[in-house]
Amino acid sequence: MALLATGCGGGTAAGSGELTVWLMNGSAPTSLTDELHKEFEDKHPGVKVKYEIQQWTGIQDKLTTALAGNQPPDVVELGNTQNPKFAKERVLTDLTADASELAGSQWLEGLKQSGAWQGKQYGVPFYAANRSVIYRKDLFDKAGIKEPTSRAEWLEAIRKLKAANASDPEFQPLYLAGQNWYSLLSFIWDEGGDIAKQEGEKFTATLETAQVKSALEFYKQLVEVSGTKAPKDADEQKPEQAGVYGQGKVGMIIGLPWEVDTAAKTDPSIKAKSAAFPIPSKNAGTNAPVFQGGSNLAIPAGSKNAALAKDYLKLMTSAKYQSQLAKSGMVPGTSKDTGELEASPFGAAMAKGSRNGRAVPASPKWGTVEEGQNPLKDMLTAYLTGAKDATKATADAAAKLNGLLG
Amino acid sequence: MTATVDAVAPVGPVPPAPSAVRRRPFGERALPYLLLAPAVLALLVMLGWPALQVVLISFRKLDLGELVRGEVVWTGFDNYAEVLADPEFWSITLRTVLFTAGCVAGTVLAGLGIAVLMRHIGPKVRIVLQIALVLAWAVPILAATTVFQWIFDQQYGILNKTLVLLGFESFAGHSWFSTGASTLVVIGLLIVWQAVPFIAFTLYAGLLAVPRDLYEAAGMDGASGTQTFRAVTWPSIAPLVTMSTFLSVLWDFKVFAQVWAIREGGPDGGSTTLPVLQYLKGIASSHFGVAAAVAVVMTLVLVVFTAQYLRMLLRSGREEL
């Protein structure tokens, strides 16, 4: 498929007037790309944008094939955790010098890190999303609870909500799967810790610290205080937490804004009854840092139209199109203006959290952690089920993580 | 693939007896081989070449970088050294062998039991049973895996709820996936459930070939059920049972989809089998050379465990031809 697509590009590129753009399914809305492509083609007479929407499933293999080929696409979208892997292999164009033209001062820090390798920038932030606490506003109001602004208040809210709904044995004030490691990341960063540190090209796990142990303890507190019935040995997709939330017996989940829409498939009325607040910090009044998932844009090193591709990126990173991205419910990657996003309560909570967005270690081997057996998930399960204490759980996870990243 | 293999089978016995060959002209002598050639060629291209590639890759350092740049870096036995020096590899191998043995024993025993049952029950019940077997067989692997996950779900699973209703209160919220052994038992049940229909039908077909009068004769001699099974049923289906066992070993040893889909080899690597290890090394970590080495070692382990059957197969093959 990849060979076919690039092969076609090669056949018609003779007129030098074609720019092949690969964006991912569900990233930029059609209204945005239609307008942008028209503007681009008007500015560059004779150039046609060949826009191809790619599926996330299997994209890594497809990109590998395409980037190694003779006729790669000219602009590609990369998941931010995949970016370092490709940057390291030198198959992307160095965009360090172009940063200022691509709204460099506005870049989201979390995404910027993921696009950089050895001090050079190979990926430009595109958009991001992060988790916040989605909650049942109607139930909060009934129990007289306000949006918590600190961890202590959050735990208190969970207790109150549980007491207010004590008549229903199936009610869970917070649904938190045992392996929701993205949430654990927030707590670790909030404690001032991290999962790994970088020295040169080498990444070393930093899990055996007091900060990580405190984060684990807080996670356990959330599980115990809420009495969540979520499995301790599975992540938030098994079963899908949005579906559980949609059944109406759950007060809060830690999730992405669009999970409310998934929940609405079970119960259409739930979206109107829900709102969101950023993940609270242990320091009252601030938000916990959040893992920023998202995408970068990059130009394959083999692109024959690198200059055109840069012009394309210039348009995409401009305030005009970034605000359209924000409107579609994403945190814009190259614009600090999140006004459009804040129109919805879920977007507003996400935007607040995103100012404190962080990334996973920018190791080219990070994909191994997410695609294989994630030591952080095993650590959570072992600790929450009591199979290991914090010292042993963190030591084992650190050893595994070092094995994967080393 | 199947078509190619099928095409070979009928051609097999064609080469005439050597005495006849000497008298025939060359063209006629070559004809069977020419007829065989397309199938052999197809097999070589589709099976032989990839197999050779795997062996060659296992002697190379082939990570994402080498793949992208198209470099060929020979590293000799480095990949093998890395794989074999890892103590975890040996525990995974042992686990895989035990897991395979459990699955195969379960499949063949259950299949044999159902086959014998089908031989002895009335036609109506048998048809219902057969339809049920075919339906179980027809369920796609991942669909069945998902259903099993629901059955064994900690909170919402029907198994725990049923056990609680039956009075086993301690199973409320019991996690079937909290240890590797328990997880593998669930996966094993799933695999046995999926594999039993084929084995049952194969053995039932074998049983149909046993003449009814043998059973009558045994009955007249006053043989008990067990004696009849040992003296009449077993001798006629023993070769089929051997073959089913051999095939099951091959299938169950390399099961990946179900193992990965249930808990991704977890918890804490507790249900990681060799195929999962291969996935982790190859696809997840992009160490394709190491993954190829694991594949080669896996094949060697399989050969060791099936050597006896292979020998029998080769010997019987010589006798029949």
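**View 1. The contact between chain B and chain A in the predicted model.** In this predicted model, 19 residues of chain B are in contact with 18 residues of chain A. On the side of chain B that touches chain A, helix H4 (64-69) and helix H14 (274-284) of chain B each supply at least two residues, and H4(B) gives the most, with four residues. Sorted by class, this side of chain B holds seven nonpolar, 10 polar and two charged residues.

**View 2. The packing of helix H6 against helix H12 in chain B.** Helix H6 (residues 87-120) of chain B packs with H12(B) at an angle of about 145°, the axes of the two helices being 9 Å apart, and the crossing of H6(B) and H12(B) is right-handed. From H6(B), the residues that make the contact are Thr96(B), Thr100(B), Cys103(B), Val104(B), Thr107(B), Val108(B), Gly111(B), Leu112(B) and Val116(B), while H12(B) contributes Thr233(B), Val241(B), Ser244(B), Thr245(B), Ser248(B), Val249(B), Asp252(B) and Phe253(B). Divided by class, the residues of the contact of H6(B) with H12(B) are eight nonpolar, eight polar and one charged.

**View 3. The crossing of helix H11 with helix H12 in chain B.** The axes of helix H11 (residues 212-220) of chain B and helix H12 (residues 225-253) of chain B come within 10 Å and cross at roughly 145°, and H11(B) passes H12(B) in a right-handed crossing. Here Leu214(B), Tyr215(B) and Ala218(B) of H11(B) meet Thr228(B), Ala231(B) and Val232(B) of H12(B). Of the residues in the contact of H11(B) with H12(B), five are nonpolar and one is polar, with no charged residue among them.

**View 4. The fold of chain A, with its helices and strands.** Chain A, which has 18 helices and 14 strands, spans about 70 × 45 × 35 Å along the principal axes of its C-alpha trace. Why can the radius of gyration of chain A be said to agree with that of a compact globule? A compact globule with 406 residues would have a radius of gyration near 22 Å, and chain A agrees because its own value is 22 Å. Buried residues make up 54% of the 406 residues in chain A. Among the contacts in chain A between residues at least 6 apart in sequence, 75% join residues that are at least 24 apart.

Technical notes
Residues numbered from 1 in each chain as written. Chains lettered and ligands numbered in written order. Predicted model: local features only at pLDDT ≥ 70, side-chain atom pairs only at ≥ 80, totals over all residues. Contact = placed C-beta atoms within 7 Å. Nonpolar A, V, L, I, M, F, W, Y, C, P; charged D, E, K, R; others polar. Axes fitted to C-alpha atoms, helices over the stretch in contact; angles between N-to-C directions. Left-handed = near helix turned anticlockwise from the far one by under 90°. Rg over C-alpha atoms; globule rule 2.2 N^0.38 Å. Buried ≥ 20, exposed ≤ 12 C-beta atoms within 10 Å, placed from the backbone.
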